[in-house]
Structures are given as C-alpha cells and as structure tokens.
Amino acid sequence: MEEGVQTTCIRAESGLRINMYIQRPICDIIFIMFHPHIFRKPSCNESRGYTLFLKEDYMKKVISFALVLIAIFSMTASASADSQTIYSDTSVTVFGPLDEYKPINDPAWGAAHQAVLTWIHPLWPALDPAFWISNTYYIEGNIAGDTWRMFRKTVDLCENAYDISGTITANSDNAEEVYVNGTFVGSEGTVQGPADNGWWWQTSKDYPYEATGDTLVFDFIVRNYAGSSYPESNPTGLIFQISVNYSCPLEVVIDIKPGSFPSCFNNNGNGLIPVAIFGSESFDVRDVDLSTVLLESLPVAMKPNGKYMAAYQDVDLDSYEDLVVKFQDEDGVFEPGDEFATLTGNLFDGTPFFGVGDICVRP
Ligand SMILES: [Ca+2]
Ligand SMILES: [Ca+2]
Ligand SMILES: [Ca+2]
Ligand SMILES: [Ca+2]
C-alpha cells in the first residue's frame, strides 16, 4: 500500500460513503466524532482504509471535514502492509481469578475487567515493548491454592479478511493455554491437572496459528501455582506479543438496481435483482470470475442457454466498463428491514473482492 492518504468519496443515494487510508487511532477518533451520523458501523483498518457511511443530512458538513482531514493527514498517515503486531498491555481484558480450572467462555469466569500492569518479578524475562499484566498489581486473596485467570485480546482485521496466520509469543507465571477464536493452539506448563512446578516462567513459547474471521480473539488461561502467602514471592502475570499477517479483499463499488434509489424489490422469492459492479482504473470488471460471484448467498442467475446473466457496459458513463449481473431472488435471503446487501466474489487470479449496496425489501 502506498504512503499517504488515499481518499475516495462515493455518493450513495442514501448518503455518503468515504474511504480513507488512515491510521487506526485516527479512525477511532473519527468514529467517536461522527457516531450519531453514521448509519453503518465503520471498519477501522490501517491497510484497507476506513469506510464511513454517513446519513444524507450530514453529507455537506462531512465533505468539508473530509477535505480538512485530507490536508492534515496526508502529511502523517501511511497505510501499512497487511500485518499487525500486538503487545500485551492494559487494553487486554481479564477474567477471574478462579480457584479451579474452567474452559474459555465458561460462565464461571464472570465479568471482564481491564488488565493492569502487575508487579514484575526481577527474574521474569522481558518481551519489549510488551508489558507483564494481571488483574491486580499484587497477587490477592486465595494464594494458598492455585488460581486461574483468563486474558482476552480482540483484534479487528478487515471485512472478509483471509489468509490469516501469525505467531503468538507468550510467557506467564506459571503456565498458560493459548486459544485463537476458541481453538486451542498450545500450552506451556500444566494448566490442568496436578501442578508440576516447572519453572515455566523462565521461557517464552512461540505458538504459530492460522485462523479465519474478520476479528481475532486471543485467549490465554494462566494458572498460578500455589505458593507462599507473600505476594512478591508468588506473583502471577502474562506477557505476549502477537504477529498477525492477513489479506483483505478488494472493495469495489456496486449499485443494486442500478440508477434507482431506494433499491427496492419484493420479498416474494422470485424476480431478478440486477447489480452493477463498477470498473475503475484499478479494477477491470473483465477479471471477475462470474462463477464465484454471490449477492449474500445468491449466485449469478443463468440463462436457459447455460450462460450467466451478465453484461459488460459502462453504466455510469465514466468510460470504465462496468459489469451488470442478475440474481434470482430466493425466499429467506432478504427480509423487510434489511438495509444493505454484500456482494462477494473472486477475480480469475483468486483475489477476493466485495462491495456493499443499499437495499429496500418490500414485504
Ligand atoms: Ca513460559
Ligand atoms: Ca507464581
Ligand atoms: Ca440502487
Ligand atoms: Ca463505468
């Protein structure tokens, strides 16, 4: 991804949609500022950019604000490659302690709390710039027996992220189990069963993982072995570094029922829904593999002769060829009240893409 802010504004009939390639903290600030005016939750992603969907009555104000933003952040913002590195800090949530082992998501873990920086044993190895964290600075309460804590870090990637993999490097006092999106990926020390009192806190362990999903949830169950009642002689904590490598699909511009707004159709389980997929300088619609295109779960409809209902034409007269595909509506795919539908597909080279368009479903 090239440096700088790349901004495109698309005037959807129902409002304004702005894509900006900006850094995550800026994205978060914008979301807070515009929250009452956003009609679709934005995706904050450094590599894919930030997509705002704004209500119609707010469009004019936003246009001027967007221009200011471009001026400000074109100096500082840079899009990253599709990778992130996450370090343990106080953004992690923590559950427990419990005095017995429970699996992740067990109701016994109770409410989540923010992690705090914990007292650091002088012999614990560092993993800069990650922090040793726990639920309290000093270990508390029932330290005559073993205790278990669960730590959770949630990482947003992008819509329809794919090819997700990375390595979790973690260390804990005394033993940990590691999960990604609920799947066990490894452990060090004995988290369940009799404690073996190995000095597992001396060493970090690497946990390679692969995953699917727009969001990754990393869970760590950490067991502190029973020890003396003096907090500084039997501390507990977790430290980790997580690399995440992933790819994001191309986002393309579509118009469901091209040229008409609202884009209404009857929810009667029959009839054809046309969708325009707009080409651009960087997106040649002839690269689209029609056999992979779906509107939600609907494939492109076929003609009696076995060919796809698809036509190449310049719908918006911008001199770039567009692709109009038709979908046969089916019961249960759309419901009255649905406001958006997502079109997905692959290019012939396997690159996935998606686009979101407004819909209006007549009962
Ligand atoms: Ca360890
Ligand atoms: Ca300990
Ligand atoms: Ca439309
Ligand atoms: Ca066009």
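**Entry 1. Confidence**

I began with the confidence of this predicted model: the mean pLDDT of the protein is 82, and 74% of its residues reach 70 or more. Over residues 44-50 pLDDT stays under 50, and the model has 34 contacts beyond four places in sequence for them. Residues 63-81 also stay under 50, with 29 contacts beyond four places in sequence in the model. Where pLDDT is low, predicted coordinates should not be read in detail. I therefore take no detail from the coordinates of such stretches.

**Entry 2. Overall composition**

I counted the secondary structure next, which comes to 2 helices and 27 strands. Of the 363 residues in the protein, 36% are buried. I also looked up the sequence range of the contacts: among those with a separation of 6 or more, 70% join residues 24 or more positions apart.

**Entry 3. The six-stranded sheet**

In what order do the 6 strands of the open antiparallel sheet run? I read the order as E7-E6-E10-E15-E12-E13. The edges are strand E7 (113-114) and strand E13 (183-188); each has a single partner strand, so one side of each lacks a neighbour in the sheet.

Within this sheet I checked the pairing of E12 with E15, which run antiparallel and are joined by 6 bridges. Val178 has Phe220, in E15, as its bridge partner.

Leaving aside neighbours within four places in sequence, Ile168 is in contact with Val178, Tyr207, Tyr209, Phe218, Phe240 and Ile242.

**Entry 4. Tyr207**

Is Tyr207 buried or exposed? I found 23 C-beta neighbours inside 10 Å, so Tyr207 counts as buried. Tyr207 lies in strand E14. Beyond four places in sequence, the contacts of Tyr207 are Thr167, Ile168, Ala170, Val178, Val185 and Gly186. Ile168 and Val178 were already in my notes, being in contact with each other. I also took one distance: from Tyr207 to Glu188, 19 residues apart in sequence, it is 9.9 Å, C-alpha to C-alpha.

**Entry 5. The five-stranded sheet**

I turned to another open sheet, of 5 strands with mixed pairing, in the order E17-E26-E25-E21-E22. Strand E17 (250-251) and strand E22 (298-299) stand at its edges with a single partner strand each, so one side of each has no neighbour in the sheet.

The pair I examined was strand E21 (residues 288-295) with E22, which is antiparallel over 2 bridges. Leu295 has Leu298, in E22, as its bridge partner.

**Entry 6. Backbone geometry**

Where are the cis peptide bonds that I noted? One joins Asp173 and Asn174, with omega about 15°. Asn174 has its place in the loop between E11 and E12. Another joins Phe261 and Pro262, with omega about -5°. Pro262 lies in the loop between strand E18 (254-256) and strand E19 (264-266).

I then looked up positive phi values outside glycine. Asp163 has a phi of about 50° and is found in strand E11. With 12 C-beta neighbours inside 10 Å, Asp163 counts as exposed, since the cut-off for exposure is 12 or fewer. Ser319 has a positive phi near 75° and is found in the loop between strand E23 (310-313) and strand E24 (322-328). Ser319 has 8 C-beta neighbours inside 10 Å and therefore counts as exposed.

Key: Residues numbered from 1 in each chain as written. Chains lettered and ligands numbered in written order. Predicted model: local features only at pLDDT ≥ 70, side-chain atom pairs only at ≥ 80, totals over all residues. Contact = placed C-beta atoms within 7 Å. Helix = DSSP H or I, 4+ residues; strand = E, 2+ residues; numbered from the N terminus. Buried ≥ 20, exposed ≤ 12 C-beta atoms within 10 Å, placed from the backbone. Pairing = 2+ DSSP bridges. pLDDT = per-residue confidence, 0-100.
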